Amino acid sequence: MRRALLVLSIAPLLTGCQFALGQNQCDQTAPRQASVAAAGVERLVVEHGAGKLTITGRSGTTVEARGTACGASAELLDQVQLRAERSGTTVEVEALYPEGGRTGLELTLEIPLGLAVEIRDGSGSLAVHRVASVGLDDGSGSVEIDTVGGAVRIEDGSGSIDVRNAGGPVWVTDGSGTTEIEQVTGDVTVEEDGSGSIRVRDVGGNVRVGSDGSGSITVTDVGGDFELGADGSGDVEVTGVEGEVRLPRD
């Protein structure tokens, strides 16, 4: 059975102010919001294009979405909408945009504790806190993930990545930007990194860096093994590894 609840709040256009959206700015903004009953829900799926996105777990049985839409014109702004829908044990939240023109949506989601979260994000900073697991496909912008009970999987185009306090395993592939991972109970894998430094600290399991293009690698306090498959350029510093350390041959 498919149940949906979509609530949009559209206030009068706010003009005379500017909404920063990456390199662009929107002159007109309006609020958007939606709420879905989420008792018994296990998973949240978010489709978000451009703008800041924040997801936080908290006590409660509803998914609450609030944000600010922006458009370069009133016509474009009207077409930026927010859809929220429940299907079985999954809640889907989607930002809808017109084709062409400068638009965006800064979005904040408050969700019940214990949900697995899957995100597809275009551009803009992203922060996720206090969830069961994270699967992320991200185009550009900084990524901050903190306090995750289980697995974290990130495919990122560009921008910094910061993962802290995760049960693991943590798996990352990154085009460019610094990657910092710390306080992980399980294994950590940086499958591929194009450019930017990698810093990994306080990991209970194994750490593996499959392929690194450029930038330093610093690994500290690892309960298992450390393995570096291929390294392009940059210093490699490894300390406090309890298991084996395997580095590529020159």
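What percentage of the 250 residues of the protein count as buried?

**View 1. The whole protein, a predicted model.** Of the 250 residues, 42% count as buried. The protein has 1 helix and 25 strands. It exposes about 11,200 Å². Among contacts with a separation of 6 or more, 37% come from residues 24 or more positions apart.

**View 2. The largest nonpolar core.** This core holds 56 residues. L44 and I55 have the most contacts inside it. Strand β10, residues 103–112, gives the most to this core, with 4 residues. In soluble globular proteins, nonpolar side chains tend to be buried together.

**View 3. The surroundings of L44.** Residues up to four places away in sequence are not counted here. L44 touches I55, V63, V91 and V93, among others.

**View 4. Strand β12, residues 126–131.** Is this strand mostly covered or mostly uncovered? Strand β12 is mostly covered, with 5 of its 6 residues buried. Two strands pair with β12, among them β6 and β14.

**View 5. The pairing of β6 with β12.** Strand β6 spans residues 53–58. β6 and β12 run in the parallel sense over 4 bridges. T56 stands opposite H129 in β12.

**View 6. The pairing of β12 with β14.** Strand β14 spans residues 143–148. β12 and β14 pair in the parallel sense over 5 bridges. V131 stands opposite V148 in β14.

Key: Residues are numbered from 1 along each chain as its sequence is written. This is a predicted model: local features need pLDDT of at least 70, side-chain atom pairs count only at pLDDT 80 or more; totals for chains, interfaces and linings use all residues. Side-chain values use heavy atoms; hydrogens and water are left out. Buried means under 20% relative accessible area, exposed over 50%, partly exposed in between (1.4 Å probe, protein chains only). Two strands pair if DSSP finds at least two bridges between them. Contact means heavy atoms within 4.5 Å. Accessible areas come from the Shrake-Rupley method with a 1.4 Å probe; for residues, only the protein chains shown count as cover. A nonpolar core is a set of buried Ala, Val, Leu, Ile, Met, Phe, Trp, Tyr and Cys residues joined through side-chain atoms within 4.5 Å.
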